[in-house]
Amino acid sequence: MTEARPDHAQLVALFDFYVAAGIDIALDEAPHDRFAENARPAERPAAAADVRLVQEPAGDPERSLRALPLAATAPPEEVAEAARMRAREARTLAELEAMVAAFEGCALKRTAKQLVFADGNPEADIMLVGEAPGGDEDRAGKPFVGRAGQLLDRMLASVGLDRNQVYIANVVPWRPPGNRTPTPQEVAICLPFTLRQIELCAPRIIVTLGAPATQTLLGLKEGIKRVRGRWVEYSGLAHPVRALPMLHPAYLLRQPVDKRLAWRDLRLLRRAMEEIGAAR
Ligand code: URA
């Protein structure tokens, strides 16, 4: 008996499943050292030219953005440097969002359904930063809308906050395939945009959710359970900003016993809100 060949729709569904499960690259019989490929300058003359184009201050930003090198063809440090130069040029959050949407330097864009830039109120005094969108966020185009997001909403409500009083973003604005942790290279490439996003939002309090956001934005390398619940200073803005590392709501769904720690941290947040007159 001959097996029926899959039709087009079945193949598309299969590829969708592969991408959702984190399989985002076709394998050959022989292994490839992708890091070595990126490190060989002779193999990427076009990328170097592209980066120079991006560094030109004048001109149509859309044009130079389109010329940004793909992560697959340029070393991550060069792409991150190009992103840094671009991010500085965004004068508003809307400009920054358009810039990130047009950015081709992060390979995650190619497997994600869409950009997940932010949710909430850009004028808010409190900014929350998570790690990266998951499947629900990828479909909705908004951060923290899945189960972890629903828990986050309940946590915020417990201290009198809702999404109109906070601004929410992630360190990486595209879903990593299969919800894997973003690589250090992906984080480094996206970081200039996240830092500019914080600058343009100019919050008075930053809450980092989970270890990746805490390590990336606050430089705290110890485990999140050690560093959570202690105020530190975020030094990326002209004025001092208080930052509070907290446990990630996705972690709390897996370890509900640690919700009591999150509750302590939420009380700290509430007290700080009262001090700056942001509490209702
Ligand atoms: N986890 C995150 O860190 N960010 C989201 O947007 C959703 C889940």
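Biologist: How many cavities of 30 Å³ or more does the structure hold?

Modeller: This is a predicted model, and the structure holds 2 cavities of that kind. The largest cavity has about 60 Å³ of space.

Biologist: What makes that space a cavity rather than a pocket?

Modeller: A cavity is a place where a 1.4 Å probe fits but cannot get out, whereas a pocket is open. Rolling a probe the size of a water molecule over the atoms shows where empty space is left.

Biologist: Which residues line the largest cavity?

Modeller: Among them are Val100, Phe117, Asn170, Cys190, Phe193 and Gln197. Helix 10 provides the largest share of this lining, 4 residues.

Biologist: Why is Phe15 called exposed?

Modeller: Exposed means over 50% relative accessible area. Phe15 has 52% relative accessibility, so Phe15 counts as exposed. You can find Phe15 in helix 1, which spans residues 8-20.

Biologist: Now to the inside. What makes a set of residues a nonpolar core?

Modeller: The residues must be buried, of nonpolar kinds such as Leu or Phe, and joined through side-chain atoms within 4.5 Å. The largest such core here has 38 residues, and Phe103, Tyr167, Trp174, Phe193 and Tyr234 have the most contacts inside it.

Biologist: Which element gives the most to this core?

Modeller: That is helix 10, with 6 residues. Another core, of 28 residues, lies apart from it and includes Leu128, Phe144, Leu161 and Leu269.

Conventions:
Residues are numbered from 1 along each chain as its sequence is written. This is a predicted model: local features need pLDDT of at least 70, side-chain atom pairs count only at pLDDT 80 or more; totals for chains, interfaces and linings use all residues. Side-chain values use heavy atoms; hydrogens and water are left out. Helices (H or I, at least four residues) and strands (E, at least two) are DSSP runs, numbered from the N terminus. Buried means under 20% relative accessible area, exposed over 50%, partly exposed in between (1.4 Å probe, protein chains only). On a 1 Å grid over the protein atoms alone, a cavity is a set of points where a 1.4 Å probe fits but cannot get out, and a pocket is an open set with protein on both sides within 12 Å along at least five of seven lines; lining residues have an atom within 4 Å of a point. Grid points are joined across faces, edges and corners, and a volume is the space filled by probe spheres set on the points.
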